[in-house]
Amino acid sequence: MSALLTLATAPALPLHSAGKYVAGAYIVFVALILIYVAIMARRLTRTERDLAELRREVEATQSHEEPDRDLTGAAR
Amino acid sequence: MASGTVVPPSTHGRGLKGLSLATIATISLALVLVFYYAPLDADQGFIQKIFYIHVPLAIVSLCGFIFGGVLAIGHLRTGDRRWDMRSYVAIHMALIFGVGALITGSIWAKASWGHWWVWNEPTLVSFLIVVLLFATYQPLRFAIEDPMLQARYASVFAVVAGAFVPLNFIAVRLAQQYVHPRVLTLAGGNLPGSMRLTFLISLVGITLLYVTLWRYEMTAKNARMQVRRLRRTLLGDDAVPGYGRSAAPS
């Protein structure tokens, strides 16, 4: 609470001519992080898609094996 | 790796949530301190606030390059490709931080000196040389198709280039021409207490960010490798498509 009060009563930042440069530097920092997070999100989506594809393939393989096993059992 | 080989599970994802929260908290605290606690610099005024982002980015970037070299020694010593992966991610992250340091430094130079870049300033030029040196790391990897050879050459490069970083730093410190003010020295420097505290919190925040992103990337790369391994185990070697030529360790 006291931290919020400190912030609320803090003097305004002197955003005159230097403000745009300082803002620019910090925006570059935030932009770099955001770009990195976006790239990581894309990779995560790809991994998720690969996992879903793998699950489908494994299920398809198992469903092919099941009838063969049934037929072998019936022949015995 | 041969199919059926038992690989211990990756531990890079463990504790990642706590680390991420600590990073967010530290960077938030640093931003509050930068804009509401640290006093305005008597000489530079508000522009000096760039110092709290630019210098930690540069320091962490240089340490990241050295870290990559140390991890590469692990690969050369053991032949375990996981060390190569760690080294690759460390250098990759350090390069991103280095680009951040260069851009923020350029903005500061423009605001302070009136030029985006000053070629006769040893600190700037030496940092650019280090970044450009490590920028050749990815093309070097990409140029070598054989994964084993690629990992070995890349590790040798990482060790040699990593050793160059402190040498380069010392050479600049010994240089006569100083344009960059020396506010941080082993003797204590001349930063006032509040500025020093703000800088240290910023440095810790950026270091935590580096470690968090490094671990995120390692976790993501390990997850992809686990999927490939699982596919190979369940469906056989033919079901796994080749990586093709890539700069990233496979």
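So, the largest nonpolar core: it has 60 residues, and by a nonpolar core I mean buried Ala, Val, Leu, Ile, Met, Phe, Trp, Tyr and Cys residues joined through C-beta atoms within 7 Å. Buried here is 20 or more other C-beta atoms within 10 Å of a residue's own, with C-beta atoms placed from the backbone. The residues with the most contacts inside this core are B:Ile50, B:Ile91 and B:Phe134.

Which elements give two or more residues to this core? From chain A there's α2 (19-75), and from chain B α1 (16-36), α2 (51-78), α3, α4, α6 (147-174) and α7 (193-235). Helices, by the way, are DSSP runs of H or I, at least four residues, and strands are E runs of at least two, numbered from the N terminus. α3(B) gives the most to this core, 16 residues.

Quick caveat: this is a predicted model, where local features need pLDDT of at least 70 and side-chain atom pairs count only at pLDDT 80 or more, while totals for chains, interfaces and linings use all residues. Residues are numbered from 1 along each chain as its sequence is written, and chains are lettered from A and ligands numbered from 1 in the order in which they are written.

Okay, chain B overall. We've got seven helices and zero strands, and of its 250 residues, 34% count as buried.

Now look at α3 (81-113) and α4 (122-135) of chain B. Their axes come within 10 Å and cross at roughly 145 degrees; those axes are lines fitted to C-alpha atoms over the stretch in contact, with angles from 0 to 180 degrees between N-to-C directions. Who meets whom? On the α3(B) side you'll find, among others, B:Ile91, B:Ala94, B:Leu95 and B:Gly98, and on the α4(B) side B:Phe127, B:Val131 and B:Phe134 are among them. A contact means C-beta atoms, placed from the backbone, within 7 Å. By class, that's 12 nonpolar, two polar and no charged residues, with Ala, Val, Leu, Ile, Met, Phe, Trp, Tyr, Cys and Pro as nonpolar, Asp, Glu, Lys and Arg as charged, and the others, Gly among them, as polar.

Back to B:Phe134. Leaving aside neighbours within four places in sequence, B:Phe134 touches B:Phe65, B:Ile91, B:Ala94, B:Leu95 and B:Ala161.

Last, the interface. 27 residues of chain B are in contact with 25 of chain A. α7(B) gives the most to chain B's side, with 10 residues, and that side comes out at 19 nonpolar, four polar and four charged.

Definitions and conventions:
Two residues are in contact if their C-beta atoms, placed from the backbone, lie within 7 Å. A residue is buried if 20 or more other C-beta atoms lie within 10 Å of its own, exposed if 12 or fewer, and partly exposed in between; C-beta atoms are placed from the backbone.
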